[in-house]
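Reader: How are two packed helices described? Please take me through some cases.
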Amino acid sequence: ESIPIVGDAIRGANRKAVEDFNRAAYNRALEPIGESAGKDFPVGHGGIELLQAKLGDAYSQVLGKIKRVDLDDAFQADLGKIGGMVQQLPDDVQKQFVNIVKANIGNRMTPAGTMSADTMKIAESELGRAAKGYRGSQEFDKQQLGDAIGEVQAALRSAVGRSAPEFADEL
């Protein structure tokens, strides 16, 4: 790359290879929603933002078809198993877990054990944000907390699939 003239060609080929790789990854992510990343699809941060927007829009469209999410016995059983994972962690971390689940699930569900799809989306997003944050911690206990919160998020997603099985594949 440091050779005059030839170096420019090599750098250009490397850049094109990276862009082609990124677009291939974008296409893999977009395929389930019937979209694709053509040559004009941006790469890098702009491409990731556009990809997130397209996937988010598709997810919202499917959620718009779902009336409610039943937090059924299977969901409650999943929470019990996840709670068992957390029991091995220090008391303060266990309390954080309980508070996060209460704020995102307990305080948002109806007395009948349901959530609207919009409420579920907010809860699912908040759980994902918290899981990501704790997983990035330097402390092992907090990383484990992040994993447990991620499991709650996955259990919530599974409950959505059981509540509206006709849309499970789209979700």
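Author: Start with α5 and α6, which are roughly antiparallel to each other. The scale is simple: under 35 degrees is roughly parallel, over 145 roughly antiparallel, 65 to 115 roughly perpendicular, and the rest oblique. This is a predicted model, so local features need pLDDT of at least 70, side-chain atom pairs count only at pLDDT 80 or more, and totals for chains, interfaces and linings use all residues. Residues are numbered from 1 along each chain as its sequence is written, and side-chain values use heavy atoms, without hydrogens and water.

Reader: What are the angle and the axis distance for α5 and α6?
Author: In general, two packed helices are described by the angle between their axes and the distance between the axes. Here α5 and helix α6 (residues 140–163) pack at about 155°, and their axes are 7 Å apart. Axes are lines fitted to C-alpha atoms, for helices over the stretch in contact; angles run from 0 to 180 degrees between N-to-C directions. Helices are DSSP runs (H or I, at least four residues), numbered from the N terminus.

Reader: Is the crossing of α5 and α6 left-handed or right-handed?
Author: Look at the near helix: turned anticlockwise from the far one by less than a right angle is left-handed, clockwise is right-handed. The α5 and α6 crossing is left-handed.

Reader: Which residues in α5 meet α6?
Author: Contact means heavy atoms within 4.5 Å. From α5 come M120, A123, E124, L127, G128, A130, A131, Y134 and R135. Their partners in α6 include L145, G146, I149, G150, V152 and L156. By class, this contact has 11 nonpolar, 5 polar and 5 charged residues. Ala, Val, Leu, Ile, Met, Phe, Trp, Tyr, Cys and Pro count as nonpolar, Asp, Glu, Lys and Arg as charged, the others, Gly among them, as polar.

Reader: How do the axes of α4 and α5 cross?
Author: Helix α4 (residues 91–106) and helix α5 (residues 117–135) cross at roughly 160°, with axes that come within 9 Å. That makes α4 roughly antiparallel to α5. The crossing is right-handed. Q96, I100, N104 and I105 in α4 meet A123, E126, L127 and Y134 in α5. The classes are 5 nonpolar, 2 polar and 1 charged.

Reader: At what angle do α3 and α4 pack?
Author: About 160°, for helix α3 (residues 73–86) against α4, with axes 10 Å apart. The two are therefore roughly antiparallel. α3 passes α4 in a right-handed crossing.

Reader: Which residues of α3 and α4 meet?
Author: F75, I82, G83 and V86 in α3 meet Q94, F97 and I105 in α4. This contact has 5 nonpolar, 2 polar and no charged residues. I105 also belongs to the α4 side of the contact with α5.
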